[in-house]
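Subject: Structure handover

Hello,

Here is the structure for you to look over. Please open it first, then read the notes below.

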Amino acid sequence: MVPGLITAALLVLFVGGSIWLWRPSVKPAMDAAAQMPLDDDKEEIA
């Protein structure tokens with residue numbers, strides 16, 4: 001029974017995290033985070 005409860009809890013965490021990440025209000029922060037590696041390259045060239 002305990003492994004089933006752990007699996008259910010992890011599934012709820014995964015679904016909740018996925019819903020949180022795909023909200024439209026989080027998109028600007030995710031876009032900025034996606035550009036971070038590219039911004040480092042721009043600073044080294046300048």
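Does Arg-23 count as buried, partly exposed or exposed, and at what relative accessibility? Arg-23 counts as partly exposed, because its relative accessibility is 35%. Keep in mind that this is a predicted model. Arg-23 is found in the loop between α1 and α2. Its side chain reaches back to the backbone oxygen of Trp-20, at 3.3 Å.

Now the overall picture. The protein has 2 helices and 0 strands. It has 46 residues, and 2% of them count as buried. The accessible surface comes to about 4300 Å². Carbon and sulfur atoms account for 76% of that surface.

Next, helix α1. It has 20 residues. From first C-alpha to last, α1 reaches 28 Å. That is close to the 28 Å expected at 1.5 Å a residue. How many of the residues of α1 are buried? The number is 0, so α1 lies largely in the open.

Val-2, Ile-6, Leu-10 and Leu-13 make it, and it covers about 410 Å². One of these residues, Ile-6, lies in helix α1, which runs over residues 2–21. Ile-6 has 48% relative accessibility, so it counts as partly exposed. The cut-off for exposed is over 50%.

Last, charge pairing. Side chains of opposite charge can pair when their charged atoms come close. How many salt bridges does a search of the whole structure find? It finds 1. The partners are Lys-27 and Asp-31, with their closest N and O atoms 3.1 Å apart. Both sit in helix α2, which spans residues 27–45. Because they are 4 residues apart there, about one helical turn separates them. Asp-31 counts as partly exposed, because its relative accessibility is 39%.

Start with Arg-23 and the backbone oxygen of Trp-20. Go on to the nonpolar patch that includes Ile-6. Finish at the salt bridge between Lys-27 and Asp-31.

Best wishes

Key
Residues are numbered from 1 along each chain as its sequence is written. This is a predicted model: local features need pLDDT of at least 70, side-chain atom pairs count only at pLDDT 80 or more; totals for chains, interfaces and linings use all residues. Side-chain values use heavy atoms; hydrogens and water are left out. A salt bridge is a side-chain nitrogen of Lys or Arg within 4 Å of a carboxyl oxygen of Asp or Glu. Buried means under 20% relative accessible area, exposed over 50%, partly exposed in between (1.4 Å probe, protein chains only). Patches are made of residues with over 30% relative accessible area and no salt bridge: like charges are joined within 9 Å, nonpolar side chains (Val, Leu, Ile, Met, Phe, Trp, Tyr) within 5 Å. Accessible areas come from the Shrake-Rupley method with a 1.4 Å probe; for residues, only the protein chains shown count as cover. The expected span of a helix is 1.5 Å times one less than its number of residues. A polar contact is a pair of N or O atoms within 3.5 Å; within protein, one must be able to donate a hydrogen and the other to accept it, and residues adjacent in sequence count only if both atoms are side-chain atoms.
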